[in-house]
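Here are a few notes to go with the model you asked about. Have it open while you read.

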Amino acid sequence: MSERTEKRTQVADVDRSLYDFTYSEEGYERYEDGLTPDIVRAISEKKDEPQWMLEMRLAALDTYHAKEMAPNWGPSIAGLDMDHISTYVSPRTKQAKSWEDVPDDIKNTFERLGIPEAERESLAGVGAQYDSEIVYHNMREEVAKDGVVYTTIEDALHDPQWEPVVHEYFGTLIPPADHKFAALHYAVWSGGSFVYVPAGVTVEYPLQSYFRLNAEGAGQFEHTLIIVEEGADLHFIEGCSAPKYYEANLHAGAVELFVKDGARLRYSTIENWSKNMYNLNTKRARVGADAKMEWVSGSFGSHVSYLYPTTILQGARSSCEFSGITFAGATQDLDTGCKVILNGPHTTASMDTKSISKDGGCNTFRSSVVIGRRAEGARATVSCQSLMLDDISRSDTIPAMDVRNATASVGHEATIGRISDDTVLYLMSRGCTEAEARTMVVGGFANPVSKELPLEYAVEMNNLIKLEMEGAIG
Amino acid sequence: MAESTLDARQDARPTAGHVTLERVNTPPAQTWNYLRANDITLTVPVHSRKGDVFFALPRLFEGVECGMGPTVTAWAESQAKDAHYVEVKAGEKRKEPIAAQEDTGVMVRAGAEATIVICTQPDGPVQDTTAALVRVIAERGARVHLLEFVCGGSDQRLDSVGIVADEDARIDVRQFFLGAGTTAAGLAVALDGNRARLDLTCRYLGREQDILDINHVVRQRGRNTHCDVRESGVLDGHAKKSLRATIDLVHGSSGSEGAELENVLILSDDVTNKTMPVILCDEDDVAGNHGASIGSVGPEQIQYLRDRGLSMQEAEGLYVRALFDEALICAPTPQTRAAVLARATDVLGSEVANDLVDGLGLRDAEEV
């Protein structure tokens with residue numbers, strides 16, 4: 001076996017050891033595959049929900065069945081058969097506040113992913129979801145003392161103080177009728193996080209939720225609801241991964257973010273779903289006056305992704321920054337991007353995205369910038385750069401701009417190209433192998449996004465790029 | 001020049017009614033449907049063709065993709081009174097422009113050069129709908145200049161153009177959409193041959209209640225092909241404009257470059273401007289880029305012009321006048337110049353139109 005072949009095998013092994021490990025589902029509660037009102041009722045009953053939530057679920061199920069997928073949209077999801085997806089799989093364990101109380105196999109999973117270590121070192125709170133349920137949730141005492149609430153949606157619904165708040169906000173930013181998979185989400189949602197940051201409170205360390213889908217042929221439908229009150233400040237990190245199977249898995253979560261006047265929210269995501277995953281996630285933020293929404297997004301996994309975080313800049317002088325990178329390799333067709341609606345006067349939006357395609361992977365970047373009639377002096381810029389690493393991959397850029405105000409200004413630029421031979425030759429002449437040279441260039445290309453992440457997540461992202469790149473050469 | 005006239009009122013044939021053409025000007029890749037930017041729906045007249053003999057272009061032209069899509073092609077073919085086939089022989093440098101009519105196919109043989117003109121006729125009573133369907137095949141080393149002037153004359157104008165370019169063929173397209181009412185125009189160019197090249201300039205004006213819907217599709221299939229697309233325009237009043245511009249770098253087009261840039265000047269808060277610049281890339285050894293800039297005249301620029309005695313309206317009017325200036329410079333025949341001037345008179349007034357004539361020295365050359 002040649003040295004080069006050995007290298008590739010080793011990389012593939014490393015990749016699997018990081019994320020592609022599984023534990024038996026024996027003893028787990030798993031609802032039958034498919035979508036029926038009985039399954040929806042069973043989920044609701046298990047969670048002992050208020051009546052309004054059950055009614056919402058059942059109405060959403062009807063909407064899901066009634067809605068058609070647009071025929072002119074993105075990569076095919078024909079391989080996704082809801083009749084062969086279980087919408088609820090749960091380990092038979094209660095939510096723990098200490099890692100010691102988490103069952104060993106699940107604890108081992110999160111330890112291998114580095115979650116408890118990250119919690120000790122750099123987080124204000126952690127939530128860990130395993131399949132359909134949160135298995136661990138904890139937050140530092142000093143953060144709780146400031147009045148910050150970080151819990152599950154289910155727990156918030158059982159709390160008389162927070163149930164009315166959930167009722168007021170849940171499903172208002174992403175209505176169930178938004179699209180077919182939003183409707184599916186509301187019918188069978190389970191797990192996720194509820195975060196409330198009181199006015200004027202700055203959470204010094206990030207909160208993190210990590211979502212792990214261990215079960216084969218299952219869906220994960222967590223709901224994240226974050227309310228950052230006036231003048232408050234929060235960084236929330238979302239991570240996700242799953243082992244690889246040959247059966248389709250589905251992720252159809254929803255993230256609703258309310259950023260009130262003068263507040264700031266940074267929402268960072270490192271997504272490394274396995275390559276049998278359909279990632280049809282919906283994220284949306286509404287931003288008040290003088291408030292700021294920041295998105296940092298790294299998408300590495302999934303077989304097919306539809307992911308377009310949306311920001312509604314409703315308040316005057318509100319702003320949004322989006323930094324994203326998408327890496328599509330073999331068997332991946334990732335349709336990602338972002339949407340911004342500028343409604344308030346003097347709002348600003350800046351979107352900077354990068355995509356890398358290799359080994360036959362397909363990347364599609366979509367964006368929409370809508371400037372409303374009352375958005376006097378609004379400013380938006382979109383920059384999209386795509387890197388093609390071989391001639392069997394594909395990269396498409398599909399931006400759209402709708403401008404309805406004469407004082408607004410919108411700029412858009414996009415480039416698609418490859419690593420120039422001159423650059424590779426230059427680096428090779430200074431002692432790099434071709435693989436190292438290309439990895440170095442890709443690392444530099446991704447740097448503007450990785451530098452926006454906390455150090456340990458930037459390292460994780462850079463490692464993911466290295467692993468993908470090392471497997472690409474030879 | 002017998003310009004394209006799919007005219008409902010002047011046509012002697014009875015109008016059987018109207019038909020709705022859906023998904024017109026659809027780009028190869030689409031955006032969110034709720035943005036209503038993916039296509040346009042048009043209602044067009046249909047004449048009875050019972051008993052008519054249908055003349056058609058040589059079948060070779062069936063393979064030419066047209067910008068407005070197959071629905072419009074089928075409708076235009078079925079409604080055209082005749083199909084006009086023009087062949088420019090190999091090596092011939094044809095000086096006389098070819099006036100494209102309602103259904104026209106032009107074969108520009110190897111090494112030949114031709115100028116094709118599409119122009120509406122603003123004179124006479126305003127018609128319901130006019131249209132032109134123009135397909136061009138440019139053989140190896142051919143050079144094609146396509147000039148398109150939409151200057152009013154109908155409530156609704158449809159221009160659907162398709163061009164196929166072989167090796168080393170060079171295509172220059174200049175479009176001026178200056179007309180009132182609804183203008184829907186599609187241009188598809190296939191750079192099939194190695195080193196084929198397209199230079200496309202599109203200038204547009206939308207004002208009052210105008211609707212302007214443009215679809216540009218460039219397929220770069222040959223190696224080392226080059227395309228440069230530049231669109232710019234001015235929107236005022238309640239005008240609604242949609243521009244879809246797609247550069248498709250097809251697998252195998254290694255060494256190709258595609259660039260697209262749009263600049264939009266918005267003069268009114270009631271304008272709706274939709275821009276969708278798309279790059280599809282299925283090849284690594286290519287360079288594709290696009291850009292768009294949408295906004296109004298900056299306060300510094302306005303102030304600069306005000307300091308020199310120009311009112312806001314006059315300053316903004318300069319941009320509109322520049323459009324007509326450029327259209328007049330490019331107009332190759334007395335008829336096209338007359339059409340542009342007639343429209344300039346409608347928009348800018350006769351005094352400014354006369355200025356344009358004098359500025360270009362046209363008054364002595366021909367009666368305009």
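How many bridges join strand E10 (residues 233-241) of chain A to E13(A)? Some ground rules before the points: this is a predicted model, where local features need pLDDT of at least 70, side-chain atom pairs count only at pLDDT 80 or more, and totals for chains, interfaces and linings use all residues. Residues are numbered from 1 along each chain as its sequence is written, chains are lettered from A and ligands numbered from 1 in the order written, and side-chain values use heavy atoms, leaving out hydrogens and water.

1. Nine bridges join E10(A) to E13(A), and the two run parallel. Strands are DSSP runs (E, at least two residues) and helices are too (H or I, at least four), numbered from the N terminus; two strands pair if DSSP finds at least two bridges between them. A:Ile237 has A:Ser268 of E13(A) as its bridge partner.

2. E13(A) also has eight bridges to strand E16 (residues 292-299) of chain A, again running parallel. Here A:Glu271 sits opposite A:Ser299 of E16(A).

3. Eight of the nine residues of E13(A) (residues 264-272) are buried, so the strand is largely enclosed by the rest of the structure. Buried means under 20% relative accessible area (1.4 Å probe, protein chains only).

4. Over in chain B, the axes of H2(B) (residues 299-307) and H3(B) (residues 312-330) come within 9 Å and cross at roughly 110°. The helices are therefore roughly perpendicular to each other (65 to 115 degrees). The contact (heavy atoms within 4.5 Å) includes B:Leu305 of H2(B) and B:Leu318 of H3(B).

Conventions. Axes are lines fitted to C-alpha atoms, for helices over the stretch in contact, and angles run from 0 to 180 degrees between N-to-C directions. Angles under 35 degrees count as roughly parallel, over 145 as roughly antiparallel, 65 to 115 as roughly perpendicular and the rest as oblique. Buried means under 20% relative accessible area, exposed over 50%, partly exposed in between (1.4 Å probe, protein chains only).
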